[in-house]
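I opened a new page for this structure.

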Amino acid sequence: MFPDLAALFGGGFARGPEKKRKKFIVKRDFRLNGTPNEAKQNAGAFKTSVGGQALMEGIMMRGPEKLCVAVRRPDGGIFTEVMPVPKHFWKKLPFVRGVCTFIDSLVSGYHCLMKSADISMPDAVEEETKFDRWVAEKFGQKGTDLVMAAAAVLGGMLALVLFLVLPTALVGLLAHFVPLGGWRALLEGVFKLAMLVGYMALVSKMKEIDRMFRYHGAEHKTIACYEAGKELTVENVRPCSRFHPRCGTSFLLIVILLSILVGAAIQTQNTLLRIALKLLLLPAVMGVGYEIIKLCGRYDNPLTHALSAPGLWLQRITTQEPDDGMIECAIAAVLPVLPKNRKDGEW
């Protein structure tokens, strides 16, 4: 669920379908009917670390050891690919892991997004620029992958910075004409929230993004079904909730809200200095935001419910009700990544 930020922002910097990558190690067609359900569990709800991201006509699911991309092909079949999830030492470092996970999610999510576009739209024409050809000739596939990773990080970071910096700049411009006094930080916060909600509401009107948000809903519903200890079938997944506290949308909103508190603590009225301080504090804000998301995903109590509420509300825009075919894709994506022992994947 955390990697869905790549779909919201990184995809906007796409440079064409992804080239074939060798590290995808398992390729197969998925057929839901007649396939043993590997996710049949004993009854009993629990919290899982399994999450994912909506793609172009598909879903990526990520478990403790494996990652799976499931995409609906033009002929109606579901194409799946599985790859191992690398182990990172920083995943056990509180606050540091927030920024690292954000960057790692953007990179892997961007690659999966391009992969899904390549599978779901095989006839799409890709224009290769002179820069693309130069990178491929000089550095080969590793160079191309590096450029794509840089594009993913640039897309996500630029979007996040714009949501944090642009409101400060606009309010600073307004302050030259209207005395704002102690209302400056509050006005910056209003601008940030308005830009975030407005952006998501606007892109949700696009046909492709609307379908991606429906796949996002299928991803959440499937995780909710798995966490409820139910067998993963379309019938069981369909009535589950499409809202989940451990989501990239919720993370982004928490980061924005924390940045508003940080902005209120910054006393200087110099616009450039305010922007510089906010950028310097952004890694710390993201680190705290990630730890809040982890707490909300792990515990059920009045405090975590209150912290989760704004993000769950925003998911009314970024998740929509899926059809049964989308749910099939979500099930196809999650089955290969579930740990054999459910406790190994607990959150």
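I began with a definition: a salt bridge is a side-chain nitrogen of Lys or Arg within 4 Å of a carboxyl oxygen of Asp or Glu. I noted that this is a predicted model, where local features need pLDDT of at least 70, side-chain atom pairs count only at pLDDT 80 or more, and totals for chains, interfaces and linings use all residues. Residues are numbered from 1 along each chain as its sequence is written, and side-chain values use heavy atoms, with hydrogens and water left out.

**Entry: salt bridges**

I looked up the total, and the structure holds 15 salt bridges. I reminded myself that side chains of opposite charge can pair when their charged atoms come close.

I took Glu-188 and Arg-274 to start. Their closest N and O atoms are 3.0 Å apart. Glu-188 lies in helix α4 (residues 184-203) and Arg-274 in helix α8, so this pair ties together parts 86 residues apart in sequence.

My cut-offs were under 20% relative accessible area for buried, over 50% for exposed, and partly exposed in between (1.4 Å probe, protein chains only).

Next I checked Glu-328 and Arg-72, whose salt bridge has its closest N and O atoms 3.3 Å apart. Glu-328 sits in helix α10 (residues 324-334) and Arg-72 in strand β4 (residues 66-72), so the pair ties together parts 256 residues apart in sequence. Glu-328 is partly exposed at 24%, whereas Arg-72 is buried at 18%.

Then I turned to Glu-57 and Arg-211, which meet in a salt bridge of 2.5 Å, N to O. This pair links distant parts of the chain, 154 residues apart: Glu-57 is in the loop between β2 (51-55) and β3 (58-62), and Arg-211 is in helix α5 (residues 207-227). Glu-57 is partly exposed at 24%, and Arg-211 is partly exposed at 25%.

**Entry: backbone angles**

I stayed with Glu-57. Its phi is near 55 degrees, a positive value in a residue other than glycine. Most residues other than glycine have a negative phi. I also listed Phe-95, with a positive phi near 75 degrees. Phe-95 is in the loop between β5 (78-84) and α2 (96-120).

**Entry: cavities**

I searched a 1 Å grid over the protein atoms alone for cavities, sets of points where a 1.4 Å probe fits but cannot get out; lining residues have an atom within 4 Å of a point. The count came to 2 cavities of 30 Å³ or more.

Which residues line the largest cavity? I wrote down Leu-164, Lys-192, Ser-259, Val-262, Lys-278, Leu-281, Leu-282 and Val-285. The elements giving two or more residues to this lining are α7 (248-265) and α8 (271-298). The largest share, 4 residues, comes from α8.

Terms used. On a 1 Å grid over the protein atoms alone, a cavity is a set of points where a 1.4 Å probe fits but cannot get out, and a pocket is an open set with protein on both sides within 12 Å along at least five of seven lines; lining residues have an atom within 4 Å of a point. Grid points are joined across faces, edges and corners, and a volume is the space filled by probe spheres set on the points.
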